[in-house]
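Me: I'd like to learn how to read the features of this model one by one. Could you take me through a few of them?

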Amino acid sequence: MGSYVISDIHGCYDELIRMLEKINLGDSDTLICAGDYIDKGPKNAEVLEWIMNVPPNVILLRGNHDEDFAQNIEAMRIISYKMDLDRDSLQDTKTLYRSMKKLAKKDASVKFDRCETVYELIESGYTFSRLCAVADRIKNMPYLYETEVSGRKCIVVHAGYIRRLDTPELKTRYSSREEFYMNARGDGFTDGGIMHGMVVAGHTPTIKEEEFAYNDGWVFRRYDEERDFLFYDIDCGCWMRYTGKKNARLACFRLEDEKVFYV
């Protein structure tokens, strides 16, 4: 019985399947996925089909890219009410998408389908009905998972954990704790965390030299002795393999013994 954490799959379906084979995930094990299932990687549709059919021992958390996808579909849903639309028609879905793109171009503040994943899915045969089903699945995903390992409280979250936004600076940067959960980077360690506990997160690729968690594509670990707080960043930038980053990889972290597996 093991508890495993994977984050930032980003459409890397083949690597995900190889990882599940590597850890030999069984029915008595728990897999916690810390968000960002889609965008950037080559097989977004396959990953979405996987998350729509996972068994009960797989816990799916929400990441910022998943949130963006759900918001994209919600925007399409709003304008669809003004159209004579067959949600199960692929042609009507394409028409709806084009209409949404035109509306988004009129307002520079609107960020619609930035990674073109919605477009990619529609081109692969996703109807609006199917897109809505995925968006509804995402909206039911929690932001974090709490457990206890060897007497130490452990929180798995996409980007960072914080009990409250208790400074003006934090309140300026984040509108809510949920936004911190999905978007924190270095402040996930410096401002966030938990006394005598451990946070396992992703979001910030350890392959990017300009990021605080840079570790040449290996899992990043930092310990705050004063707070007895242990922070892990397990986003090793797997999707960047497809942009020429040879050291990018998918990581899986086992909570019980802090062992890391790589693909």
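Reply: Let's begin with pairing: two strands pair if DSSP finds at least two bridges between them. Strands (E, at least two residues) and helices (H or I, at least four) are DSSP runs, numbered from the N terminus. Here, β1 (residues 3–6) and β2 (residues 30–33) run parallel and are joined by four bridges.
This is a predicted model, where local features need pLDDT of at least 70 and side-chain atom pairs count only at pLDDT 80 or more, while totals for chains, interfaces and linings use all residues. Residues are numbered from 1 along each chain as its sequence is written, and side-chain values use heavy atoms, with hydrogens and water left out.

Me: Which strand runs antiparallel to β1?

Reply: That's β9 (residues 251–254), joined to β1 by three bridges.

Me: What does β1 form together with α1 and β2?

Reply: A crossover is right-handed if, with the strands pointing away from the viewer, the path from the first strand over the helix to the second runs clockwise. β1, helix α1 (residues 13–23) and β2 make a β-α-β unit of that right-handed kind.

Me: Are the faces of β1 covered or open?

Reply: In a regular strand the side chains alternate between the two faces of the sheet. Buried means under 20% relative accessible area, exposed over 50%, and partly exposed in between (1.4 Å probe, protein chains only). In β1 both faces are covered, with Ser-3 and Val-5 buried on one side and Tyr-4 and Ile-6 buried on the other.

Me: How do I read a helix, say α3?

Reply: Start with its span: the expected value is 1.5 Å times one less than the number of residues. Helix α3 (residues 64–80) has 17 residues and reaches 24 Å from first C-alpha to last, close to the 24 Å expected. Then look at burial: 12 of its 17 residues are buried, so α3 is largely enclosed by the rest of the structure. Among them are Phe-69, Ile-73, Met-76 and Arg-77. The cover over the buried residues includes α4 (90–105), α5 (117–123), α6 (128–139) and α8 (177–183).

Me: What does Arg-77 touch?

Reply: Contact means heavy atoms within 4.5 Å. Not counting residues up to four places away in sequence, Arg-77 touches Phe-128, Cys-132, Asp-136 and Lys-139. At 11% relative accessibility, Arg-77 counts as buried.

Me: Which residues of α6 are buried?

Reply: They are Phe-128, Leu-131, Cys-132, Val-134, Ala-135 and Ile-138. These cover an arc of only 160° around the axis, which puts them on the same side of α6. The arc is that of the directions from the helix axis to the C-beta atoms. The buried residues of α6 pack against α2 (44–51), α3, α4 and α5.

Me: And loops? Is Asp-216 buried, exposed or partly exposed?

Reply: At 31% relative accessibility, Asp-216 counts as partly exposed. Asp-216 sits in the loop between β6 (197–201) and β7 (220–224). Leaving aside neighbours within four places in sequence, Asp-216 is in contact with Thr-206, Ile-207, Asn-247 and Arg-249.
At 1% relative accessibility, Gly-192 counts as buried. Beyond four places in sequence, Gly-192 touches Tyr-161, Ile-162, Phe-180, Asp-187, Arg-227 and Phe-229.
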